[in-house]
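Subject: The structure for you to look at

Hi there,

Here is the structure I promised to pass on. Have a look at it first, and my notes follow below.

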Amino acid sequence: THTHIKRERERERARARRMEGREGGGGGSEGGGPRARRKVMTAQEYERANKPFRAPTERVPTIGEQWAYAARRYSKYQGYAWSGVALVAGLAFVASYITDEKREDGTTSSQATPPPK
């Protein structure tokens, strides 16, 4: 979530700094060699920069903190969700009322037994 985005931005900045360091060595006869002119990372450098299983540098949030974050972020949509539930329930009721057929004896198809006469 938030920490994931921060880490990704830090990785991008670190990559940009490494790339800037490679560009400035002067090409040609001033020295610097072929690595100074190259803008592509080696496979080993890429793996070192993008370790997928590196231990997190920040504290992992507790379940309570995660719930608090979700409540703050998504509680504004709760009204829309309950409105949707009420709308679907109303539509289901109206649809069942419209599709319920009446029989000759006065009962409907949803009643289990006919009323006594």
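Throughout, a residue is called buried under 20% relative accessible area, exposed over 50%, and partly exposed in between, using a 1.4 Å probe and protein chains only. By that scale Glu65 is partly exposed, because its relative accessible area is 35%.

Please keep in mind that this is a predicted model: local features need pLDDT of at least 70 and side-chain atom pairs count only at pLDDT 80 or more, while totals for chains, interfaces and linings use all residues. Residues are numbered from 1 along each chain as its sequence is written, and side-chain values use heavy atoms, with hydrogens and water left out.

The overall picture

The protein chain has five helices and zero strands, where helices (H or I, at least four residues) and strands (E, at least two) are DSSP runs numbered from the N terminus. Of its 117 residues, 6% count as buried. The accessible surface of the chain comes to about 10,400 Å², and carbon and sulfur atoms account for 59% of that; such areas come from the Shrake-Rupley method with a 1.4 Å probe, and for residues only the protein chains shown count as cover. Taking contact to mean heavy atoms within 4.5 Å, 23% of the contacts between residues at least 6 apart in sequence join residues at least 24 apart.

Salt bridges

A salt bridge here is a side-chain nitrogen of Lys or Arg within 4 Å of a carboxyl oxygen of Asp or Glu, and by this rule the count comes to two. One joins Glu65 and Arg59, at 3.0 Å from N to O. Arg59 counts as exposed because its relative accessibility is 60%.

The other salt bridge pairs Arg11 with Glu8, whose closest N and O atoms are 3.5 Å apart. Both residues lie in helix 1, three residues apart, or about one turn of the helix. Arg11 is partly exposed at 25% relative accessible area, and Glu8 is partly exposed at 26%.

Surface patches

Patches are built from residues with over 30% relative accessible area and no salt bridge, joining like charges within 9 Å and nonpolar side chains (Val, Leu, Ile, Met, Phe, Trp, Tyr) within 5 Å. For charge, Lys and Arg count as positive and Asp and Glu as negative, while His and the chain ends are not counted. The place of a charge is NZ of Lys, CZ of Arg, CG of Asp or CD of Glu.

Which residues make up the patch of positive charge on the surface? They are Arg9, Arg13, Arg17, Arg18, Arg48 and Lys51. Helix 1 (residues 2-23) gives the most to this patch, with four residues. Lys51 is found in the loop between helix 3 (43-49) and helix 4 (63-74), and is partly exposed at 43% relative accessibility.

There is also a nonpolar patch, formed by Phe93, Val94, Tyr97 and Ile98, with about 510 Å² of accessible area together. Val94 lies in helix 5 (residues 78-99) and is partly exposed, at 44% relative accessibility.

Val40 sits in the loop between helix 2 (33-37) and helix 3. Val40 counts as exposed because its relative accessible area is 56%. Val40 and Met19 are 21 residues apart in sequence and 8.1 Å apart in space, C-alpha to C-alpha.

Best wishes
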